[in-house]
Amino acid sequence: MVGKTEEEGVRTAISALARLGLAEAAGWTPAERAALLQLGRAGLQRGDWVTACGLLEYAALLDPDRGETWELVAGARMAARRWAEALAAVEVAWALGRTWRRAALAALCCGRLGRTSAAERWRKAARDRAPDDEDEYRRMERALEDREVPS
Amino acid sequence: MVGSVSPGLPAEALSVAPGSGSPAPEVGSRTGDVAADHALELLMVDEAELTDDGVRTAATAVRQAAERRIEERAKLREILRRIQEAQQNRSWWQKFCDAFGWIGKVLGAIGGAIAVVATAGAALPAALTIGLAVGAGAAGLTSALGRLGIGAADRDEANLLADRMQEEGQLADWQGHERESRALAEALVGIESAMRQQALRWIGNEDAARRLVASRVLDR
């Protein structure tokens with residue numbers, strides 16, 4: 001799992017990057033950035049992982065302090081079986097905000113990477129932050145029960 | 001929604017849509033991998049299906065933004081101006097300098113970014129290069145690291161060096177380091193420009209896919 005020092009470093013870096021305002025300097029309005037994110041989601045919905053990864057990574061560069069975008073980057077990379085890169089994105093999202101969903105995504109990545117003890121720690125972190133909503137809880141448990149041995 | 005076939009894009013478009021590198025899904029699976037299916041279920045479960053119009057509108061907005069011509073030098077000037085602004089706030093600048101290597105790591109976590117920086121051959125500050133190396137290493141981007149000229153052994157050394165530099169406070173004083181500020185600004189603008197070009201290509205592919213689908217429908 002990510003250490004506290006690393007989390008703090010990533011947060012400070014994100015804050016510094018956000019403060020530089022690359023998106024504004026490059027001429028992107030908030031609405032246009034939202035549209036970029038929407039296109040990335042559309043790529044995910046229709047199963048075009050390559051496009052989804054690229055557009056979402058671009059959205060993360062323009063708005064680096066949005067944890068939700070990093071989550072989606074991770075999802076697109078997982079769908080493309082890029083597990084290590086997905087984990088790197090989840091770890092950034094986790095540094096920006098600890099949620100059960102991010103911990104569950106990290107557990108899935110670690111599971112596929114064969115890092116069993118890290119996967120277990122992430123599972124615990126997810127369960128420690130378990131959602132109140134019953135449907136969400138079931139989905140989380142379904143995901144955490146996935147312990148398929150990496151191929 | 002997850003598990004459904006391509007909302008917002010007719011099924012025929014799938015065969016011509018970009019993403020040929022995507023794994024072929026297995027029957028009953030969206031991605032062909034149970035863990036990835038779970039991930040998408042967690043991320044997309046409440047996602048409203050995007051209509052064709054919604055995707056088209058978003059594509060138009062992104063294309064307009066991506067085609068907007070802003071001189072590279074103007075972007076660079078703006079970022080450098082903001083860095084200088086940050087320098088005037090000493091406590092903030094100190095934090096910024098301390099985070100320099102971490103900025104590299106965050107950029108390394110943006111997959112396309114590391115490849116662009118690596119191939120640009122820019123003279124990046126040591127801490128940023130180390131951050132990129134560590135970030136790319138964590139993300140498994142070994143080919144990009146190779147282009148940076150950093151092998152596995154060097155990467156370990158870079159990690160140690162990063163630790164040592166932090167311990168010794170060598171990252172603390174970046175004031176007056178105009179070259180480093182400029183290198184960071186150039187790296188950011190270079191990454192943004194490359195990703196912008198790639199985004200335009202993807203949108204172009206999507207447009208082509210839609211036109212093909214539309215022409216098939218008209219032919220019927």
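**Group meeting talk: a predicted two-chain complex**

In chain B, pLDDT stays under 50 over residues 1–26. The model still has 67 contacts beyond four places in sequence for that stretch. Where pLDDT is low, the predicted coordinates should not be read in detail. So please keep that in mind, because this whole model is predicted.

How confident is the predictor in chain B overall? The average pLDDT of chain B is 72. At least 70 is reached by 61% of the residues. Confidence in chain B is highest in helix 1, residues 34–44, at 93. Confidence is lowest in helix 8 of chain B, residues 142–148, with a mean of 59. For the complex, the predictor gives an ipTM of 0.90 and a pTM of 0.82.

Now the chains, beginning with chain A. How many helices and strands does chain A have? There are nine helices and zero strands. Read from the N terminus, the elements of chain A go α-α-α-α-α-α-α-α-α. The C-alpha trace of chain A spans about 45 × 40 × 30 Å along its principal axes. Of the 151 residues, 60% count as buried. Look at contacts in chain A between residues at least 6 apart in sequence: 51% of them join residues at least 24 apart.

On to chain B. Chain B has 10 helices and zero strands. From the N terminus, its elements run α-α-α-α-α-α-α-α-α-α. Here 40% of the 220 residues count as buried. In chain B, take the contacts with a separation of 6 or more: residues 24 or more positions apart account for 77% of these.

Next, the two chains together. How many residues does each chain bring to the contact? Chain A gives 62 residues and chain B gives 67 residues. On chain A, at least two residues each come from helix 1, helix 2, helix 3, helix 4, helix 5, helix 6, helix 7 and helix 9. By class, the side of chain A that touches chain B holds 36 nonpolar, 11 polar and 15 charged residues.

Let's go inside chain A. The domain assignment gives domain 1, residues 1–97, and domain 2, residues 98–151. Their C-alpha centres lie 20 Å apart. How do the domains of chain A meet? In chain A, 13 residues of domain 1 are in contact with 14 residues of domain 2. On the domain 1 side, helix 5 and helix 6 of chain A are the elements that give two or more residues. Helix 6 of chain A gives the most to that side, with eight residues. That side of domain 1 divides into 10 nonpolar, one polar and two charged residues.

Helix 6 of chain A comes up again in the core. The largest nonpolar core has 109 residues. Helix 6 of chain A gives the most to this core, with 11 residues. Domain 1 and domain 2 of chain A each supply at least three residues to this core. Which residues have the most contacts inside the core? They are A:A104 and B:V62. Find A:A104 on your screen. Leaving out residues up to four places away in sequence, A:A104 touches A:A126, A:M140, A:A143, A:L144 and B:L42.

Two more residues before I stop. The place of A:R81 is in the loop between helix 5 and helix 6 of chain A. Most residues other than glycine have a negative phi. A:R81 is not a glycine, yet A:R81 has a positive phi of about 60°. Being buried would take 20 or more.

Last, A:V50, in helix 4 of chain A. A:V50 is partly exposed, because 18 other C-beta atoms lie within 10 Å. How far is A:V50 from A:A79? These residues are 29 residues apart along the chain. Their C-alpha atoms are separated by 9.3 Å.

That's my tour. Thank you.

Terms used:
Residues numbered from 1 in each chain as written. Chains lettered and ligands numbered in written order. Predicted model: local features only at pLDDT ≥ 70, side-chain atom pairs only at ≥ 80, totals over all residues. Contact = placed C-beta atoms within 7 Å. Helix = DSSP H or I, 4+ residues; strand = E, 2+ residues; numbered from the N terminus. Nonpolar A, V, L, I, M, F, W, Y, C, P; charged D, E, K, R; others polar. Domains from an automatic or database assignment. Core = buried A, V, L, I, M, F, W, Y, C linked by C-beta atoms within 7 Å. Buried ≥ 20, exposed ≤ 12 C-beta atoms within 10 Å, placed from the backbone. pLDDT = per-residue confidence, 0-100.
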